[in-house]
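Colleague: Before I use this model, I would like each label traced back to its cut-off. Can we go through them one at a time?

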Amino acid sequence: MIVELLQEQLFQLALVAALLVGLCAPAVGTFIVQRRLSLLGDGIGHVALTGVALGFLTGTTPVLTAVIVSVAGAVAIELVRARGRTSGDVALALLFYGGIAGGVLLMAVSPGGSNAKLNSYLFGAIASVTPADIWVIAALAVAVIGVVLVFGRELFVLCQDEEMARASGLPVRFLSLLIAVTAALTVVIAMRVVGLLLVSALMVIPVATSQQLTRGFRATMASAMVFGVLASVGGLLASTVSAKVPPGAAIVLIALAGFVLALVVGRFVRRGRSDEESRVGPTMRVEEVV
Amino acid sequence: MSETAFAMTGGRVAYDGRPVLRGIDLTVRPGEVVALLGANGSGKSTLVRALLGLTPLSGGSTLIYGRPPARFSDWWRIGYVPQRLQVGGGVPATVREVVASGRIARQRRLRRTSPADRAAVAAALEAVRLTGRAGDPVQSLSGGQQQRVLIARALAGEPDTYVMDEPTAGVDADTQRLLADTLAELVLGGKTVVLVAHELGPLEPVVTRGVVIRDGLVAHDGRPPRPEGDCARPGHEHQHPHAAEPVAGPLTGWQGEPL
């Protein structure tokens with residue numbers, strides 16, 4: 001059955017999109033989770049909806065307007081965060097609500113807008129991915145992976161200890177904006193596959209899954225990317241079994257199932273490790289971290 | 001290029017209009033081991049942060065190797081040990097990964113980790129005796145061990161000047177002694193050290209100069225003041241009736257209390 005599927009162009013496109021999203025989202029997500037900004041993707045996703053609607057309203061490609069608006073939103077979020085005011089929390093919430101409400105309204109008044117279209121962006125519509133979409137997604141994916149490869153070392157220091165990054169002479173403001181913009185690009189990549197409301201799930205769940213099993217940052221990122229691809233391709237395959245299964249939701253549920261499994265396996269792995277270390281000597285005490 | 005590590009003149013810092021540093025003059029020359037001493041809230045931690053440019057000055061000026069912090073570029077010359085580990089990140093990081101991040105100021109973008117990087121990280125891990133824990137997540141270490149990770153991170157960068165904020169606070173006796181030994185070795189290597197301390201403890205023999213900060217001003221600058229009388233007794237708990245403290249005096253003890 002899979003062989004037949006692979007010959008269909010529609011499925012090929014969907015598979016490429018799923019692979020790229022599965023790779024990119026957890027790679028960026030690892031930095032974001034490390035920075036304790038797990039909900040950043042959700043925020044950008046809300047704002048991106050306004051971008052999509054603007055595309056329909058103006059008759060341009062929604063993916064393109066989504067890139068512009070979500071990058072602007074991400075920059076705004078980062079600027080509010082960097083000011084570190086307590087009111088920043090509320091400012092972010094306002095931005096998110098404005099994003100969704102603006103998107104719904106603009107979509108309703110735009111000529112090509114319909115509830116079905118709105119739904120396809122909110123919850124994903126991998127089957128409707130066009131070759132043009134794939135080119136945009138692929139270009140953005142290259143940009144995202146490029147950022148991770150070129151700036152990874154600096155981003156690790158930044159996300160782990162911002163003060164240390166400053167005292168090492170790193171361009172902290174630039175790097176902070178870079179990670180926010182990269183997250184925005186990732187949201188747009190994932191938008192067609194899992195939908196704006198579930199985008200963040202692919203940035204966070206694979207990371208949460210792999211940290212149950214890993215001890216280091218690099219290892220966490222690498223295995224999160226593997227889990228991301230497994231979930232996104234798995235969800236796509238599940239949706240081919242029955243037309244009733246929405247791929248976006250299937251991807252997220254498979255990722256969550258993986259997390260629960262890793263939680264159980266991780267318990268055993270960790271227990272085994274602490275036994276091993278307690279035999280080495282009494283000074284090698286390992287606190288159980290859950 | 002100036003070889004003076006830090007030169008602050010008339011340094012002032014205010015948080016929300018409340019003055020914390022009220023005109024500090026401090027010059028740190030190469031090879032010095034300067035201890036910034038003072039009671040809690042005296043402004044000593046703010047001072048190190050201001051020296052590094054992490055906290056902006058509201059008045060006066062400060063130079064790192066002859067340049068204002070904003071225009072300073074040789075950050076590899078500075079090794080900073082913050083007061084506590086901020087690996088608050090939601091993602092685990094191994095001890096080796098954190099220590100290796102101390103090399104960042106020496107590394108170029110797109111350049112792979114070099115053998116020199118690896119050797120420096122291995123030496124730093126060895127110096128704080130954490131080689132055996134290199135592959136463990138930092139989050140699984142005790143407080144004292146995490147402090148050692150931070151010191152190793154600074155050592156890995158092989159800087160000329162170390163800036164340590166309360167490296168002995170809340171740390172076990174073993175780690176304190178280890179830190180004293182490490183400092184002694186750094187001094188032999190001609191390194192400069194600025195450290196913030198509430199009490200010197202085992203670090204005392206290594207310190208060449210004590211600067212006591214009180215109410216945002218330098219209250220004493222010279223030989224490290226030695227505890228006298230009851231304060232020198234081992235195991236003595238410092239409890240001073242602060243209500244009876246005089247407003248200012250030229251001679252003050254090592255914690256800022258009148259002699």
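Modeller: Two strands pair if DSSP finds at least two bridges between them. Helices (H or I, at least four residues) and strands (E, at least two) are DSSP runs, numbered from the N terminus. Residues count from 1 along each chain as its sequence is written, and chains are lettered from A and ligands numbered from 1 in the order in which they are written. The model is predicted, so local features need pLDDT of at least 70 and side-chain atom pairs pLDDT 80 or more, while totals for chains, interfaces and linings use all residues.

Colleague: What makes E1(B) and E2(B) a pair?

Modeller: DSSP gives eight bridges between E1(B) and E2(B), in the antiparallel sense. The rule asks for at least two, so E1(B) and E2(B) pair. Arg12(B), for instance, faces Arg22(B) in E2(B). The two strands form a hairpin with two residues between them, and Asp16(B) in the turn has a positive phi of about 50°.

Colleague: How many bridges join E1(B) to E4(B), and in which sense do they pair?

Modeller: Five bridges, again antiparallel, connect E4(B) with strand E1, residues 6-15 of chain B.

Colleague: Why are E2 and E4 of chain B said to stand at the edges?

Modeller: The three strands form an open antiparallel sheet in the order E2-E1-E4. Strand E2 (18-28) and strand E4 (59-64) of chain B each have a single partner strand, so one side of each is left without a neighbour in the sheet. Neighbouring strands of this sheet are turned against each other by 25° on average, direction ignored.

Colleague: What is the overall make-up of each chain?

Modeller: Chain A has twelve helices and zero strands. Chain B has five helices and nine strands, running β-β-β-α-β-β-α-α-α-β-α-β-β-β from the N terminus.

Colleague: How do you know whether the radius of gyration of chain A agrees with that of a compact globule?

Modeller: The radius is taken over C-alpha atoms, and the globule rule is 2.2 Å times the number of residues to the power 0.38. For 290 residues the rule puts a compact globule near 19 Å; chain A has 20 Å, which agrees. Along the principal axes, the C-alpha atoms of chain A fill a box of roughly 70 × 50 × 30 Å.

Colleague: Why is Arg36(A) called partly exposed?

Modeller: A residue is buried with 20 or more other C-beta atoms within 10 Å of its own, exposed with 12 or fewer, and partly exposed in between, the C-beta atoms being placed from the backbone. Arg36(A) has 13 such atoms, so it is partly exposed. Arg36(A) sits in the loop between helix H2 (9-34) and helix H3 (40-58) of chain A, and its phi is positive, near 60°, in a residue other than glycine.

Colleague: Which class does Asp215(B) get?

Modeller: Asp215(B) is partly exposed as well, with 18 C-beta neighbours inside 10 Å. Its loop lies between strand E8 (209-214) and strand E9 (217-222) of chain B, and its phi is positive too, near 50°. For the chains as a whole, buried residues make up 49% of the 290 residues in chain A and 46% of the 259 in chain B.

Colleague: How many residues does each chain put into the contact between them?

Modeller: Chain B gives 28 residues and chain A gives 32, contact meaning that C-beta atoms, placed from the backbone, lie within 7 Å. The chain B side has 14 nonpolar, eleven polar and three charged residues. In that scheme Ala, Val, Leu, Ile, Met, Phe, Trp, Tyr, Cys and Pro are nonpolar, Asp, Glu, Lys and Arg charged, and the others, Gly among them, polar.

Colleague: At what angle do H3 and H4 of chain B pack?

Modeller: Helix H3 (residues 115-127) and helix H4 (residues 143-156) of chain B pack at about 145°, their axes 8 Å apart. Axes are lines fitted to C-alpha atoms, for helices over the stretch in contact, and angles run from 0 to 180 degrees between N-to-C directions. Ala120(B), Val121(B), Ala124(B), Leu125(B) and Ala127(B) meet Ala152(B), Leu155(B) and Ala156(B).

Methods. Contact = placed C-beta atoms within 7 Å.
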